[in-house]
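Try each task before reading its solution.

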Amino acid sequence: MDTIWRLTLEGTSVGAVYALLALGLGLVFGVLNFVNLVHGEIVVVAVYVTVVAFAAFDSYLLAGVVAFGAATAFGMAMYAGGLRFVARRSHFLQIVFTFALVLVLQNAYLLVFGAEARSSQLDRTAVVELFGARILQARLIAGVIGIALVIAVAILVARTNFGRSLRAMAANPFGADVTGINSRRTGALAFLVAAALAAAGGVLIAPFTPAEAHFGLELTMRAFLIVIIASAGSTGGILATACAVGVIEAIGVSYLPQSIATSVVYLAIIPVLLFRPRGLFARRAT
Amino acid sequence: MNRTVRLGVGVALLGGVIALALIPTTLKSVYVDLAFNTLLLVFLCSSWNLVAGFTGQLSLAHGAFYGIGALVTTTVAIGWEITPYLGMPLGAAVGAGYAALIGYVAFRRSVAGLYFAVLTLAFGFLALGFARQAPVLNGTSGAFFPVTNDPGMFVLDRREIYFYVMLGMVVAVVAFVAWLGRSRLGYRWKAVRGNERAAEAVGISPFRHKLGALTLSAALTALAGGFNAVYLLYFSPDLHFGLALQLQILLATLLGGIGTVWGPVLGAAFVSVLTFYLRQLPIEGPTLTAIPPMITAAIIAVVAYFLTDGIVGGLRRLRRSRVPVRE
């Protein structure tokens, strides 16, 4: 029982990070109508930079700040350099283009960081006890900050003028233009928010996740599935689904072979698409 | 096309096939291998083109179908000593079944283009996850066939026979695509690609036609996977289920011209030869081998951006510049 409780906590902390990714992906898809398969790569860059920077500065806080800035900048550089031109073209082209970009990046990591997975040398002995389960302090921090960021984004989207213009663009791009929303600027800001969330996610999981070249695409897939299962419009739904995915995965990994456990989550998509194709948390069709 | 031109094209094609058939007896084995891999890629691209080109459904699970074919053929051949002559069709059937499952889930509710691509990619990962635990591997990363000349098990010392089989498969599939392009079925598939609702309104069921195209395409792809495992006498999940192959299929088909008969052929030939020569580059070192795939992927990104209708589309535009490009 204690093990299950510990795995639930660990799964939730990873799930909170999945939620950050899924939110960003949903935001970019909703506002820019853009299928961004390179989204997970921002996380990978953040993890790599955290690991390298930690080795240099010996301070997780400092390394985290550097990595957050670097990965966000990396995301925006991709947006400015290529993605924003593709965003106006067909989904077909978007998928092909970003898929190819993922493979370029995967090979670039091999060149820059080498083939072996890079683990951070962070303190793994710091544990906290939570209702009888001992989990890594870093995991607790990741979970708490992750959930806090999700709430912050929910407020940003629901309550601010910027959020209103985001929702306007998602609902009707032409109408948004007519009402005087600067769609180019709002689109770029949406991407910035998404990139920052992904970068933060990467910094948060860096202490307990080894950086590895193929990691990004799998993360992106996971995030996409969460968006499809929960439906893009519901922030709470995305958070709940992401945490559920994290917990199922954590429990699965400890009882099944790794490669099967991480794939099993993909099966969840089948009943959802068959019975609630608009997503579990979708509002009534309008 | 008038009769003379048609005759000329026919003679040229026949000459081309005869020239290809002479390769094993005239060229060095490195180049025979290259020719085999080129034909294999042509076959895969033409198969993928059936669903991606004709019905417009961007499937990213074809790497997995290919792997399933290889896995099934290997498992029954090594584990149960069932000959690949039966194992390959069996693999094709299992691949088709997996595709039918994906198609049923996706097309039932008409999952949009984007979600379909992501869904197929997810199913690809799912299949890879299970394949890595396949019993035939015994916990290793690859399984070998016993290497002895055994025609009953389709293990042949006369390697050129594999080449002829591959050539036959390519001729058959290209001929099929050429026929399809002018057939009722082909027009229906294209109608579904063009406008699903309009197709449905005139009595063409998008569900059935998309499902049919995906299943057929997957069966062919899985068949090729099984054949490749026999050719290599080796199966490995990371080789046969690889994303790299999926990308090559995408790149080659797009480069040549998606939805056309000759696009996948030209594109695959170009990509296969390009990859071959990129591998010959004097690049050493464990990490530097990442450079050739990087170049390939970079080329696809650029090509996808600028040349949406591929080589065949570009040629067509040159010939009669008034005619609008596909769609």
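Predicted model: local features only at pLDDT ≥ 70, side-chain atom pairs only at ≥ 80, totals over all residues.

**Exercise 1.** Describe the fold of chain B in outline.

*Solution.* Start with the secondary structure: chain B has 15 helices and two strands. Next, take burial: 47% of its 327 residues count as buried. Finish with confidence: the mean pLDDT of chain B is 79, and 90% of its residues reach 70 or more.

**Exercise 2.** Find which element of chain A gives the most to the side that touches chain B.

*Solution.* First, size up the contact: 35 residues come from chain A and 36 from chain B. Then list the elements of chain A that give two or more residues to this side: α4 (91–113), α9 (215–230), α11 (258–267) and α12 (269–275). Among these, α4(A) gives the most, with 15 residues. By class, this side of chain A has 28 nonpolar, six polar and one charged residues.

**Exercise 3.** Work out why the buried residues of α14(B) line one face of the helix.

*Solution.* Begin with the buried set: P293(B), T296(B), A297(B), I300(B), A301(B) and A304(B). Seen down the helix axis, the buried residues of α14(B) fall within an arc of 135°, so they line one face. On the other side, V302(B) and F306(B) are exposed. Lastly, look at the cover over the buried residues, which includes α4 of chain A as well as α12 (243–256) and α13 (263–279) of chain B.

Notes: Residues numbered from 1 in each chain as written. Chains lettered and ligands numbered in written order. pLDDT = per-residue confidence, 0-100. Contact = placed C-beta atoms within 7 Å. Helix = DSSP H or I, 4+ residues; strand = E, 2+ residues; numbered from the N terminus. Nonpolar A, V, L, I, M, F, W, Y, C, P; charged D, E, K, R; others polar. Buried ≥ 20, exposed ≤ 12 C-beta atoms within 10 Å, placed from the backbone. Arc of directions from axis to C-beta.
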